Amino acid sequence: MNAFRNHLSKFKSRYQKITFFILMFSPMLVFFGAKNENSLWIIIGMILIACANLLAIINK
Amino acid sequence: MQFFLALTPIILILALMAAFRWGASRSGGAGYILTLSISIIFFGANLKLLAYAHMKALLLSLDVLMIVWAAFLLYRVADEAGAIKSIGTILPNLTADKGMQSLLIGWVFASFLQGVGGFGVPVAVIAPILVGIGFTPLLAVVLPSIGHGWAVTFGSLGSSFNALIATTGLPSEELAPPAAIFLGIACIITGWLVAYASGGKSNLKKLFIPSFFVGLSMAIGQYIAATTGLWNIAAFVGSIFGLIVIIAIITIQRAKARINQNGVDWKHLLMALSNYIVLIVIILVVQLVPGVKPFLSQIKLKINFPEIQSNLGYTTPAGAGRTISIFSHAGMLLLYASIIGYLIYKKMGLLPPGSAKKIFNETFNKMTGSSISILSMVSLAVIMEHTGMTNTLAEGISTGLHAIFPFVAPWIGAIGAFMTGSNTNSNVVFSVLQMKTALLLQYPVIIILAGQTAGAAVASVAAPTKMVVGASTAGMSGREGEVLRALVGYTLILILSISIITTIAIAISGL
């Protein structure tokens, strides 16, 4: 049980770090897209940001 | 219809945090997704607008996160050296009275830190100290949160007041007097609220008179500084007045009670507080010694943004986003204090080998969750601002209730501060709108603007982004909903007080 809890805790911590880094770096991606008038980068960046926020919601 | 749609994200976040007890990062994520959907479907957000809004939000978030991370680092250095534990054993000797401790640390010292520091620093620094001296983590966050609100406008070296001057174009000589009076009255009420929060009605009754005199001294100090051109250090001056008066009151009480004056180990207290003393010295040197700030402010992170227009025609003018002066930023000042504090504690032999790695790892692990919520909520607020959702909210409130506009004006400022977590941002977003509405309705502009900034100041303390900071340093991460529930009543009383003061001031000015 303890091993499972430890595993869950590590997984949650990893989840948080991934969410954090996506939220930190994706705005740069969408900004790069806007500057270069490249909609694809903006769409990819926006999807990443939305996914990161969904991750934040499900990560209790 | 548009008004209620714009209101939905605010209601969702409040409901999730207060009623469902979700943490800030979960609520922020949900609020963000809802805002994004509403802004695209109903407010004409396009890809370009969203892209620039997110980059502006990142700059704003960085501005905040630099302080959050560095404040926690400063705390971790002190904690690792055993300083927080020492303060916890020493401070009760200054006054064993919990009520006086709450006034001294949770109100006056919090206001002092707001005067010299900035966003979130008072709560981030004080919450762990209060936990250390036996306050519950919830109270440890709530007391400094309520305690420093009155000092926000003229605190942080007057950055919020500066925003008011910059956006309205009105001189400080006109804006400062009413703002200082409104916030001075709020200061006295704050003292009573802190007394009540820390020990209920009996505590309030016991501390009513001391709180009044301490509050009055801070209000007078702030007013004198604000109206003599020193508005950038007005809250700092006020809190110094407060510190002098409260220590005098404690000394008199100790003398009356014939308590041994040698009960406080001042040497140990200063050693334990050396981290924070270093911080205060650094901030004062940077802000007040000529030439230091310009020297440190040479390297800036600044991005110029073009004019942005939504599909519905709402336009945000071109301009620079939040400019961050990297080496003079409050977060960097906290970092300098952390490094110097670390070296001092190391020299004293209080830090074991390998402690630097431990401090760094724990700071990173602890702050990730808080950072997520700040990133989500600031993005949400900036999207609302750029799609006109925030404007719709403000216009709906002011035009729909124009007969009682003076009463409502502080609530508009409060909404802006709650959403952005910043008095400065609220002033930037709403000051012109408030000024135009006041002119249209023929109300005195300076009084309405005083209501705007005072309402924003006292409401900013309840903003989720600020709450997260205190909650994380007091070991309450994920329990921000509890903090909000505890804080909301006090904040509403303060905003209501500002509303009543604004209404009375308008009535008097019309006589």
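Q: What makes a residue buried, exposed or partly exposed?
A: Buried means under 20% relative accessible area, exposed means over 50%, and partly exposed lies in between. The model here is predicted.

Q: Why is B:Gln253 called partly exposed?
A: Its relative accessibility is 33%. B:Gln253 is in helix α10 of chain B, residues 234-256. Between B:Gln253 and B:Ser202 there are 18 Å in space, C-alpha to C-alpha, and 51 residues in sequence.

Q: Is B:Asn46 buried or exposed, and how do you know?
A: The relative accessible area of B:Asn46 is 18%. The cut-off for buried is under 20%, so B:Asn46 is buried.

Q: Where is B:Asn46, and what is it in contact with?
A: B:Asn46 sits in the loop between α2 and α3 of chain B. Apart from neighbours within four places in sequence, B:Asn46 is in contact with B:Gln309, B:Ser310 and B:Asn311.

Q: Why is A:Glu37 called exposed?
A: A:Glu37 has a relative accessible area of 70%. Exposed means over 50%, so the term applies to A:Glu37. A:Glu37 lies in the chain A loop between α1 (2-35) and α2 (39-58).

Q: What is noted about the phi of A:Glu37?
A: Phi of A:Glu37 is positive, about 50°, although the residue is not a glycine. Most residues other than glycine have a negative phi.

Q: Why is B:Gln442 called exposed?
A: The relative accessible area of B:Gln442 is 72%. The cut-off is over 50%, so B:Gln442 is exposed. B:Gln442 belongs to the loop between α18 (423-440) and α19 (445-460) of chain B. Phi of B:Gln442 is also positive, near 60°, and the residue is not a glycine.

Q: What makes a set of residues a nonpolar core, and which residues have the most contacts inside the largest one?
A: Members must be buried nonpolar residues joined through side-chain atoms within 4.5 Å. The largest nonpolar core has 185 residues. B:Trp107, B:Ile146, B:Phe154 and B:Phe161 have the most contacts inside this core. The largest share of the core, 23 residues, comes from α3(B).

Q: Which residues is B:Phe161 in contact with, beyond its neighbours within four places in sequence?
A: Among them are B:Phe154, B:Leu175, B:Ala179 and B:Trp231.

Q: How many residues are in contact between chain B and chain A?
A: 30 residues of chain B are in contact with 25 residues of chain A. The two chains bury about 2,300 Å² between them, 80% of it on carbon and sulfur atoms. B:Arg26, B:Leu47 and B:Ile372 supply 23% of the area that chain B buries there, more than any other three residues.

Q: How many salt bridges and polar contacts are counted between chain B and chain A?
A: The count of salt bridges is zero. Three residue pairs are in polar contact. On the side of chain B that touches chain A, α3(B) has the largest share, 10 residues. By class, that side has 19 nonpolar, 10 polar and one charged residues.

Key. Residues are numbered from 1 along each chain as its sequence is written. Chains are lettered from A and ligands numbered from 1 in the order in which they are written. Side-chain values use heavy atoms; hydrogens and water are left out. Contact means heavy atoms within 4.5 Å. Buried area is the accessible area (1.4 Å probe) that two parts lose on being put together, summed over both. A salt bridge is a side-chain nitrogen of Lys or Arg within 4 Å of a carboxyl oxygen of Asp or Glu. A polar contact is a pair of N or O atoms within 3.5 Å; within protein, one must be able to donate a hydrogen and the other to accept it, and residues adjacent in sequence count only if both atoms are side-chain atoms. Helices (H or I, at least four residues) and strands (E, at least two) are DSSP runs, numbered from the N terminus. Ala, Val, Leu, Ile, Met, Phe, Trp, Tyr, Cys and Pro count as nonpolar, Asp, Glu, Lys and Arg as charged, and the others, Gly among them, as polar. Buried means under 20% relative accessible area, exposed over 50%, partly exposed in between (1.4 Å probe, protein chains only).
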